[in-house]
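Subject: Handover of a structure

Dear colleague,

Please find below the structure that I am passing on to you.

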Amino acid sequence: MKVIKTKLQGCLVLEPTLFNDDRGYFFESYNTNRFNDIVDQEVNFVQDNQSFSTRGVIRALHYQKGNNAQAKLIRVLNGVILDVAVDLRPHSKTYGEYFSVELSSKNKKQLFVPRGFAHGFSVLSDTAEVLYKCDNYYNKESEGGIIYNDATLNIDWKVNPEEIKVSEKDLILPTLKEVLV
């Protein structure tokens, strides 16, 4: 497995080793021991979430606060997304910065997002199925978010403005400056 460090400390892109032949392919998508060695910490995933979305959907930017913070390992089962992580760790050198990477069923890349980050994605293909592992259970009282079109972050979601689809809940999220106060 190839490990690519991002500009956000602890946020990693993982590229699996594919074994191809005339029957198709095989790869190991997750192994607890190897994964914990790669991220240099013990991560115990307890919940898997899966979503299906259509082109132009932006699911962003969500996080869990305090003791309910979540680390996530994201991959795409079908389609293409732009996956985005925003560093919300107050003592981090990259506090308030973001990283994005294209994940697809073709490239098989995964993104590890440690605790202390907001996470979201946009759908670049006609449809996309996304699977992500979480190391903590969802807690409604601890949820937080940042508006997808925050001017400070200025994320290029790679979606035409007329195609953007955002939930009503996500349209009323605060800005990054309001979250960092």
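How much space lies in the second largest pocket? The model is a predicted one, and in it this pocket holds about 190 Å³ of space. Thirteen residues line the second largest pocket, and those closest to its centre are Lys 5, Gln 9, Gly 10, Cys 11 and Leu 12. Two elements, strand E1 (2-5) and helix H1 (32-39), each give two or more residues to this lining. By type, the lining of the second largest pocket consists of six nonpolar, four polar and three charged residues.

The largest pocket has a volume of about 480 Å³. Its lining is made up of 21 residues, of which His 62, Lys 72, Tyr 132, Tyr 138 and Lys 169 are the closest to the centre. At least two lining residues are supplied by each of E5, strand E6 (58-64), strand E11 (117-123), strand E13 (143-145) and helix H2 (168-171). Strand E6 contributes the largest share, namely five residues. Ten residues of the lining of the largest pocket are polar, six are nonpolar and five are charged.

Five of its seven residues are buried, so E6 is largely enclosed by the rest of the structure. Two of the strands named above pair with E6. With E11, strand E6 runs antiparallel and is joined by three bridges; here His 62 stands opposite His 119. With E13, the pairing of E6 is also antiparallel and extends over three bridges, and Tyr 63 stands opposite Gly 144. As a general point, the side chains of a regular strand alternate between the two faces of the sheet.

Is Ser 53 buried or exposed? Its relative accessible area is 2%, and because this lies under the 20% limit, Ser 53 counts as buried. The side chain of Ser 53 makes a polar contact with the side chain of Arg 59, at 2.8 Å. Leaving aside residues up to four places away in sequence, Ser 53 touches Arg 59, Phe 121, Val 123, Asp 126, Thr 127 and Ala 128.

With kind regards

Definitions and conventions: Residues numbered from 1 in each chain as written. Predicted model: local features only at pLDDT ≥ 70, side-chain atom pairs only at ≥ 80, totals over all residues. Heavy atoms only, no water. Buried < 20%, exposed > 50% of the residue type's maximum accessible area, 1.4 Å probe, protein only. Polar contact = N/O pair within 3.5 Å; in protein donor to acceptor, adjacent residues only side chain to side chain. Contact = heavy atoms within 4.5 Å. 1 Å grid on protein atoms, 1.4 Å probe; cavity = no way out; pocket = protein on both sides within 12 Å on 5 of 7 lines; lining within 4 Å. Points joined across faces, edges and corners; volume = space filled by probe spheres on them. Helix = DSSP H or I, 4+ residues; strand = E, 2+ residues; numbered from the N terminus. Nonpolar A, V, L, I, M, F, W, Y, C, P; charged D, E, K, R; others polar. Pairing = 2+ DSSP bridges.
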